Amino acid sequence: MDGYKVGVYDTVLDFCGESADVNLNVVAEFKSELPEIVNDYDPRDTFNADETGLFFRALPDKTLADRGKDCKGGKKSKQRLTVMLCCSVRGEKLKPLVIGNANKPRCFRNLDVKSLPVTWKANKKSWMHNTFFTEWAKDINRDMRIKSRKIVIFLDNATSHWHNLKLSNVELKFFPAKTTSKLQPLDLGITVPVT
């Protein structure tokens, strides 16, 4: 391969996200307040939740090819699922919320959606909205009430996350605006496998 040395790779970076807009003073202030916020909670009762898009039919958009060789791709599939993951400081994983675009997809024809290891919801664009978030939070609250546990869940300031939701066993805490790229563990590269 012309111009390449064995064992040396070029780095390709995509610039996206909100990390350039982060006010580091706000981040530092939140970090200084954090011990007081979680003071009443055991680490096993301190959770973080975040949504991510899963483009399950997407093909890779980068490849290694010889210089001058023709490399062809196809149209990018935009079919997606939204997955809400929630885990504790100690690694406990709550049941994921998955949002598709059909209440009962063809691949579920012989399945009872309620028996899946995830909570399945659907809307036309597979996006999170207030109703799904509220139902998800109330389900977690019910489970924690049954287990006699009180937990805190840290979330970003997405418009779909209902800020005025009052629950008996779940306290919702929100990161300051435009700081999740520096504060939110699930936005910093933690992988939570769905099992």
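**Exercise 1. Is Arg142 buried, partly exposed or exposed?**

*Solution.* Start with the scale: buried means under 20% relative accessible area, exposed over 50%, and partly exposed in between (1.4 Å probe, protein chains only). Arg142 has 38% relative accessibility, so Arg142 counts as partly exposed. Next, look at Asp139, which is partly exposed with a relative accessible area of 30%.

Before going on, note that this is a predicted model, where local features need pLDDT of at least 70 and side-chain atom pairs count only at pLDDT 80 or more, while totals for chains, interfaces and linings use all residues. Residues are numbered from 1 along each chain as its sequence is written, and side-chain values use heavy atoms, leaving out hydrogens and water.

**Exercise 2. Find what joins the side chains of Asp139 and Arg142.**

*Solution.* A salt bridge here is a side-chain nitrogen of Lys or Arg within 4 Å of a carboxyl oxygen of Asp or Glu. Asp139 and Arg142 form one, at 3.1 Å from N to O. Being three residues apart in helix α2, Asp139 and Arg142 are separated by about one helical turn. (Helices are DSSP runs of H or I with at least four residues, strands are runs of E with at least two, and both are numbered from the N terminus.)

**Exercise 3. Trace the salt-bridge network around Arg149.**

*Solution.* Step one: Arg149 pairs with Asp45, with the closest N and O atoms 2.8 Å apart. Arg149 lies in the loop between α2 and β5 and Asp45 in the loop between α1 (24–37) and β1, so the pair ties together parts 104 residues apart in sequence. Both Arg149 and Asp45 are buried.

Step two: Glu92 also forms a salt bridge with Arg149 (3.1 Å, N to O). Glu92 sits in the loop between β2 and β3, so this pair links parts 57 residues apart in sequence. Glu92, at 25% relative accessibility, counts as partly exposed.

Step three: these shared partners join Asp45, Glu92 and Arg149 into one network.

**Exercise 4. Which strands stand at the edges of the sheet?**

*Solution.* Write down the strand order of this open, mixed sheet: β4-β3-β2-β1-β5-β6. Strands pair if DSSP finds at least two bridges between them. β4 (119–122) and β6 (170–174) stand at the edges, each with a single partner strand, so one side of each lacks a neighbour in the sheet.
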